[in-house]
Amino acid sequence: MNKDQKSKLPISKNIFEIDDSLLNQLSKPSKNIIDPVKRRKAQLLSIFVIFLFLLFLVINIIYAITVPDYHFPPADLIGYGFLVAIYLLSRSRFLNLAIFLMLIMFPMNVFQNILGGTSINPVATLSYLLPSYILASIFLNLLWMAIYGYGINLIVFLLPVISPGSVPSHLEIQGFLSVGVMVVTLCIIWSIYRNKIERDHQAALKSAYDSTLEGWSRALEIRDKETQGHSNRVTEMTLKLGRSLGLDESSLEDLYRGALLHDIGKMAIPDSVLMKKSNLDDNERKLMQTHPKIAYDMLSKISFLEPALVIPAYHHEWWNGDGYPYGLHGEQIPIAARIFAIVDVWDALLSDRPYRKAWSKEETMKYLRAQSGSQFDPRVVDAFMKL
């Protein structure tokens, strides 16, 4: 490579960077869309609408140049208006409305052109339905994809009956109808395969996340040797209690992660306080009581963990409002935190700590019963005792 060629490389790179940056800016979703899957869908829809707008515009310009006495179809003007509305909605929290409008825009525009007699070539006009099948396979579940795709093909089949003046016979649309049914079927097959890949990917990702959380939990226990094994024990018992109270699988997953991370805020507590062999003084106690808030501040930006953070943040709140750090009471405290609170105290009292010996099981059970309605949710205490 000669010197002149080398000198051109940075310029080319900058051009591509500008183009990429412009497209990203034009398709960037709203901050109100937090879920990463929805953000990807929103960006994909925005990009699709931009290119579709440009494609339709070029086609209309070609028609205007090459077709004598060509009149701009009113349906196309409505289509452009739809595209602008869909583009604006796709970048906002109204993503589902944008998807709905996009999916009805194609058949509405196509059938309006054919039934209104403004279509020069009905088969060519029907071909504009094909992108809608692909979009439906991306944004709809399998059942709605099948209803949408085969439903539109049924309308196409009925066109010679509905508008014999525009589509005189089935022979005229037989080719497109065959292609349309085949495309919908292939899209459904691809969606089934894609969903399987997505499920496998999500399972692997979830496993990796949970392994990371377990690593964080072990790191805290290595630092605080007095609580080794505590996280695993309370996590197992918390899940049992959650199941007995009828929590669904999604809530149990959040319960598991929250239990693992319940004391992660103690990573920010100095060794002199965390490992003190005697009782804490007032200042040290106030410092220790900040660990729930520290945990929330540490992890609140991780959207994946957001539902699980109620345990690290609120597991020291009391049913009567005397807990910390926020002084919540009753059902203001999320159920996951209420479940975990009793398990955490149960395991802590049964374990040796630097400042006291482990309690007996009888003493611990008596304490938990005594705290029903003050420190703990009575319903949760009842369920725990049954275990």
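In which handedness of crossing does H15 pass H17?

**View 1. Packing of helix H15 against helix H17 in the predicted model.** H15 passes H17 in a right-handed crossing. The axes of H15 (residues 335–349) and H17 (residues 378–386) come within 10 Å and cross at roughly 50°, and that angle makes H15 oblique to H17. On the H15 side the contact is made by Ile335, Arg338, Ile339, Ile342, Val343 and Trp346, and on the H17 side by Arg379, Val380, Val381 and Phe384. Sorted by class, the contact of H15 with H17 has 8 nonpolar and 2 charged residues, with no polar residues.

**View 2. The aromatic pair of phenylalanine 53 and tyrosine 80.** The count for the model comes to 6 aromatic pairs. Phenylalanine 53 and tyrosine 80 form one that is edge-to-face, with 5.2 Å centre to centre and 65° between the planes. This pair links distant parts of the chain, since phenylalanine 53 lies in helix H2 (residues 36–66) and tyrosine 80 in helix H3 (residues 74–90), 27 residues apart. Phenylalanine 53 counts as partly exposed at 29% relative accessibility, whereas tyrosine 80, with a relative accessible area of 11%, is buried.

**View 3. The aromatic pair of tryptophan 190 and tyrosine 193.** The rings of tryptophan 190 and tyrosine 193 form a tilted pair, 5.7 Å centre to centre and with 45° between the planes. Both residues lie in helix H8 (residues 170–223), where tryptophan 190 and tyrosine 193 are 3 residues apart, about one turn of the helix. Tryptophan 190 counts as partly exposed at 44% relative accessibility, and tyrosine 193 counts as partly exposed at 49%.

How values were computed:
Residues are numbered from 1 along each chain as its sequence is written. This is a predicted model: local features need pLDDT of at least 70, side-chain atom pairs count only at pLDDT 80 or more; totals for chains, interfaces and linings use all residues. Side-chain values use heavy atoms; hydrogens and water are left out. Axes are lines fitted to C-alpha atoms, for helices over the stretch in contact, and angles run from 0 to 180 degrees between N-to-C directions. Helices (H or I, at least four residues) and strands (E, at least two) are DSSP runs, numbered from the N terminus. Angles under 35 degrees count as roughly parallel, over 145 as roughly antiparallel, 65 to 115 as roughly perpendicular and the rest as oblique. A crossing is left-handed if the near helix is turned anticlockwise from the far one by less than a right angle, and right-handed if clockwise. Contact means heavy atoms within 4.5 Å. Ala, Val, Leu, Ile, Met, Phe, Trp, Tyr, Cys and Pro count as nonpolar, Asp, Glu, Lys and Arg as charged, and the others, Gly among them, as polar. Rings of Phe, Tyr and Trp (its six-membered ring) pair if their centres lie within 6.5 Å; planes under 30 degrees apart count as stacked, over 60 as edge-to-face and the rest as tilted. Buried means under 20% relative accessible area, exposed over 50%, partly exposed in between (1.4 Å probe, protein chains only).
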